[in-house]
Amino acid sequence: MKLCIAALLLFSSGALAAGQEYSVTVTAGAFDRDGTIVSFRFPDRVDDGIYAMESGSGDPVYLQVDDNEGWFILDQLKAGASRTFTVSPGPLPAREAFLEVTRQDGDPEVSFRSGTKDVLSYYHSESKLPDGVSDRYRRAGYIHPVYTPGGTVVTNHMSEGREHHYGIWSAWTNTQFQGRTPDFWNAHDGSGRVDGDSLEAAWDGPVHGGFRSNHRFTDLSGPEPVIALNEHWEVRVYRSPQNGAYHIFDLTMTHTANTGSPLALPEYRYGGLGVRGHGDWNEEGNLFFLTSEGYDYSNGNGTRARWSHVGGFVDGRLAGIAILGHPGNDRHPQTVRIHPSEPFFNYAPSQLGDWSIRPGSPWVGRYRFITYDGEPEAGELDRLWNDYAYPPGVSVAIIH
């Protein structure tokens, strides 16, 4: 796997031209906002970096600019209300390290923290196989471990009997490609696999840290290996709220045909984004599912959901992770695969019938993850989904 060291960056203070100012007006829309992630694009070129936004009331707000897109956290704004900020040159207020998203570069993983709390690690190189596990299960390009604010791990990878489950990962199961039927999910079958290719970039900052990476879906069922799909991941780990209620991060995955042949995806019960929960959740009576429509592990499989919770007790502490689907996803709200007795969850668009990923028409999946301690609060997850699905409106004007 290629590690593009030159692309790893740490955001520094940005620089606007002397006298250059912008007004940024945020409109809450139909929902009350509280700790909402907001992004917008500038009308002209602004250097990457960190800026301060002033609203005339309250403390300055950090603005993080990446590729001409600004990101900030909106504290509170009532439904229907608006607020205008000014972005101008000048020194930044002192940055409080306990609110930063920071990263630690390592091999085989890069890890992220919000303040002093671990959030997640991503394997950009192949993870070490447990003793006795076949080389077929070697893999890079997945997220594990994932933590709650209280430090509880809520994912698992390569557990006994489910060595092909990798924390948070993606793969397709029942496929057709160039007259063959590679299975990229069940690595032990040997007909297909997913490998890490390159870590394009990794960063940190006062609003978000994250990374961009590439993976390969390789068909092994023919005379020679053929890369059927190229996969691109973009992950953003956001600053957690000061009350420590949850951690939050986004995953956007893009699958692009690598040849002139489509990857056909016949109807099937699983495949796509997968999440494997903590090993303690395998114990009877210690696994809890909940979907946005009120279903659980007894009746939720095959239903459509805006968000889904997976959780249970770890060392006597209740913890969970919610996976929110974006309304821009194909076949939204996507159907879910909920295992009746194992801590496995999968958004599975193939449950709704045959489809394909065709040359020139990439498939994009967008998901937001929330981790927390204690029981899931359906009303709070609805609020967070509304923030994700229907973010505040933003208008930007050049003042000078």
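Trainee: What should I keep in mind about the model and the numbering?
Mentor: It's a predicted model, so to speak of local features we need pLDDT of at least 70, and side-chain atom pairs count only at pLDDT 80 or more, while totals for chains, interfaces and linings use all residues. Residues are numbered from 1 along each chain as its sequence is written, and side-chain values use heavy atoms, with hydrogens and water left out.

Trainee: Ok, which residues touch the most other members in the largest nonpolar core?
Mentor: I168, F249 and F369, out of 60 residues in that core. Strand β17 (residues 226-238) gives the largest share, five residues. By nonpolar core I mean buried Ala, Val, Leu, Ile, Met, Phe, Trp, Tyr and Cys residues joined through side-chain atoms within 4.5 Å. Buried is under 20% relative accessible area, exposed is over 50%, and partly exposed is in between, with a 1.4 Å probe and protein chains only. Strands are DSSP runs of E, at least two residues, numbered from the N terminus.

Trainee: And what is F369 in contact with?
Mentor: Leaving out neighbours within four places in sequence, its contacts (heavy atoms within 4.5 Å) include I168, F249, L273 and I323. Another core, of 19 residues, lies apart from the largest one, and I37, W71, I73 and W385 are among its members.

Trainee: Switching topic: is N214 buried or exposed?
Mentor: N214 counts as buried because its relative accessibility is 16%. N214 sits in strand β16 (residues 208-219), and among the residues it touches, beyond four places in sequence, are D197, E200, E231 and H232.

Trainee: Now the rings. How many aromatic pairs are there?
Mentor: The whole structure has 26. Rings of Phe, Tyr and Trp (its six-membered ring) pair if their centres lie within 6.5 Å; planes under 30 degrees apart are stacked, over 60 edge-to-face, the rest tilted. Y22 and F42 make an edge-to-face pair, 5.0 Å centre to centre with 70° between the planes. Y22 and F42 are both buried.

Trainee: Why is the W172 and W363 pair edge-to-face?
Mentor: Their planes are at 80°, with centres 5.3 Å apart, so the pair is edge-to-face. W172 and W363 are 191 residues apart in the chain, and both are buried.

Trainee: Which charge lies over the face of W385?
Mentor: R306, at 4.8 Å from the ring centre. The cut-off is NZ of Lys or CZ of Arg within 6 Å of the ring centre and within 35 degrees of the ring normal.

Definitions and conventions:
Helix = DSSP H or I, 4+ residues; strand = E, 2+ residues; numbered from the N terminus.
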